[in-house]
Amino acid sequence: MATQESGATKATVSNGEVSSNGTAATTDGQTVQTAGNAQDPQQQQQQQQPPNAWQVIKGVLFRIFIIWAISSWFRRGPSTPDPSTPAGAPRVPSRNLFPKDTLMDLYVYVSQEEVFSDFNNTDALFWFHRDLVYGDWTTGEDGDGCYQHYKEMDIPEKIQQNGSLYIHIYFTKSGFHPDPKRKGQYRRLATVHATRMLNKYKRRKFLKTKNLLTGETEADPEMIKRAESHGPVEIISHWHPNLTINMVDDHTAWVKGSVPPPLDQYVKFDAVSGDYYPIVYFNDYWNLQKDYYPINETLKSLPLRLSYCPLSLWRWQLYAAQNARSPWNFLPEDTYEQSDEDQDSVKVALLETNPYLLGLTIVVSIVHSIFEFLAFKNDIQFWNSRQSLEGLSVRSIIFGVFQSLVVLLYILDNETNFVVQVSVFIGLLIDLWKITKVMDVKLDRENKFAGVFPRLVFKDKSTYVESSTKIYDDMAFKYLSWLLYPLFGCYAVYSLLYVEHKGWYSWVLSMLYGFLLTFGFITMTPQLFINYKMKSVAHLPWRMLTYKALNTFIDDLFAFVIKMPMMYRIGCLRDDVVFFIYLYQRWIYRVDPNRVNEFGTSGVDHAQNNTAAPAPDAASAAITDKPEGEKKND
């Protein structure tokens, strides 16, 4: 594990994107404060809140499953044959060129050249350590086989101008030298070499925001100048002061051409002997993205703490699997940066969370995912087999489509995570599908739009129009508009006066998104009103509501256990209040055989008209009085 050292003196951001108003902007549209220009707390309410630990863990578990599935697909075919091996020849297991307890010398060079050859340059030699023991876990400064070396290096002018800096690692058997020009002191099979770029390039994006009424902005003038000179995106070199060199303690008899991915990227075989070199792994897994800071003219030196540690095979497999990205090659580069941010959240949770709480978080996250799937399945099943709209709020379904569309446009405008975009888009498709279940949708080919395209005609279903549900639904939204429209107007004025935006389109989207995020729960109340007027809740999809309620209770648990924004906690609480009202209505509108239900029948009528049927069956018919397919879904 790499030694951690915070870069508290540097103004850092998660992925290096900085807006023109002096704040850093990540690819998911969220802005982060930088030193010297903190945002107004009122403006932060417009920003998308970061995911909490258990949501991130749940998302990572899902990604691990997807990566495993895709990797399994690619591993179905035969391994890539070794071109140097004759066709049909048996593959012979190989051995490690460095046996257990081999004495080694470590040479570490730092250079601007990717291919190093200047072994006589003493300034390039960063660290030399003699007589390391391969596979030894007991020596070292702390008795764990690890050694450290710290040094502050001068910064060449080329590096300050976005140049690259490389580290070259050489392990040689004791008594040998890595320079091939030294005859008698160099041996190819006794030298292990690995190279890596020390600095990391990140994108910094300038987001030009301003007050749409006055045209003024709180932007840093320096940031505005850089945006004008470098364009909307700037590539900046970043530095992290810690790096760990791991020598994997492994003597597996690997077969060339049969090493499973992603391990095959690290196991290097000698072309002549067929044996493999010891695995050298540059371990920066615990280097958090927030600890990187830009390399610029203000830096006088680059500190580097280099650690050498042995590493077991199974831990190396875990690290290699976490860094494997080959199954996602079809995704854009932005997705990789966002994936690093998600992994950072997991790393922070592993480092800072109590182990028992972390274990509970993982278990509950899995349960939460199961409930989400069950709620989705029952929701689809309910609307797919629903024949009557008696007692259901159609306007709430239509308003749900509007909500999903606003959220999708907002996250696209703010370049949110690709996985989030896909999930929201799928949710919008499901809401659009529900429209076809609650309304009659037809194509009018006679009255074409612009004389070319057929018009879409929406018409309420007869089971909705001919019942009292439509009257109650219209009445509920009428009363709701008395509260909703004034709040909407006030929020729009506040957003226009006090919040900066990229343009009028962004203002409309952010205003609508912020309003729905704050007051969206009000749209759940029309169904409560319809239940009250009809004195019945038999028409509701209770299975789906129950699973969603359980997920809400899980959200409540973590909203108060894990540090979260207050608005998120209030959002969980208000959803609980609405569901408890549903439960209260279910309790007070219990089954009464003498009460006429929403379909105009009662249990007494069925008992008189069907005397041959047993009494329990008649009572059961009075409970629902619905088609068999609907009773299954309720």
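Guide: Start with handedness: a helix crossing is left-handed if the near helix is turned anticlockwise from the far one by less than a right angle, and right-handed if clockwise. Helices (H or I, at least four residues) and strands (E, at least two) are DSSP runs, numbered from the N terminus. The model is predicted, so local features need pLDDT of at least 70, side-chain atom pairs count only at pLDDT 80 or more, and totals for chains, interfaces and linings use all residues. Residues are numbered from 1 along each chain as its sequence is written, and side-chain values use heavy atoms, with hydrogens and water left out.

First, the whole. The protein has 18 helices and 15 strands. Of its 634 residues, 46% are buried. Buried here means under 20% relative accessible area, exposed means over 50%, and partly exposed lies in between (1.4 Å probe, protein chains only). Contact means heavy atoms within 4.5 Å. Among contacts with a separation of 6 or more, 76% join residues 24 or more positions apart.

Now the packing. Helix H11 spans residues 469-498, and helix H13 spans residues 525-534. Their axes lie 9 Å apart, at an angle of about 130 degrees. That angle makes H11 oblique to H13. The classes are these: under 35 degrees is roughly parallel, over 145 roughly antiparallel, 65 to 115 roughly perpendicular, and the rest oblique. Axes are lines fitted to C-alpha atoms, for helices over the stretch in contact, and angles run from 0 to 180 degrees between N-to-C directions. The crossing of H11 and H13 is right-handed.

Which residues make the contact of H11 and H13? On H11 they are Thr 469, Tyr 472, Asp 473, Met 475, Ala 476, Phe 477, Tyr 479 and Leu 480. H13 brings Thr 525, Pro 526, Phe 529, Ile 530, Lys 533 and Met 534. By class, this contact of H11 with H13 has ten nonpolar, two polar and two charged residues. Ala, Val, Leu, Ile, Met, Phe, Trp, Tyr, Cys and Pro count as nonpolar; Asp, Glu, Lys and Arg as charged; the others, Gly among them, as polar.

H11 has another partner, helix H8 (residues 394-413). The axes of H8 and H11 are 8 Å apart, at about 55 degrees. H8 is therefore oblique to H11. Val 394, Arg 395 and Ser 396 of H8 meet Asp 473, Asp 474 and Phe 477 of H11. That contact of H8 with H11 divides into two nonpolar, one polar and three charged residues. Also in this part of the chain, Cys 490 is exposed, at 55% relative accessible area.

Move on from H13. Lys 535 sits in the loop between H13 and helix H14 (542-561). Lys 535 is not a glycine, yet has a positive phi of about 55 degrees. Most residues other than glycine have a negative phi, and most peptide bonds are trans. With a relative accessible area of 36%, Lys 535 is partly exposed.

Further along is Tyr 589, in the loop between helix H15 (566-588) and helix H16 (603-609). Tyr 589 is buried, at 13% relative accessibility. Its C-alpha atom is 7.0 Å from that of Val 537, 52 residues away along the chain.

Other local features lie elsewhere in the chain. Asp 101 falls in the loop between helix H2 (53-74) and strand E3 (103-111). Asp 101 is a non-glycine residue with a positive phi of about 65 degrees. Pro 262 is in the loop between E10 and E11. The peptide bond from Pro 261 to Pro 262 is cis, with omega near 0 degrees. Asp 275 also has its place between strand E10 (242-249) and strand E11 (280-283), in the loop. Asp 275 is buried, at 11%. Beyond neighbours within four places in sequence, Asp 275 touches Ser 94, Arg 95, Leu 97, Lys 268, Phe 269 and Asp 270.

Last, the cross-link. The whole structure holds one disulfide, defined as a pair of cysteine sulfur atoms within 2.5 Å. Cys 146 and Cys 309 form it, with sulfur atoms 2.1 Å apart. The link of Cys 146 and Cys 309 is right-handed, with 125 degrees about the S-S bond. Cys 146 lies in the loop between strand E4 (125-133) and strand E5 (147-154), and Cys 309 in strand E13 (residues 301-312), 163 residues apart. Cys 146 is buried at 16%, and Cys 309 is buried at 8%.
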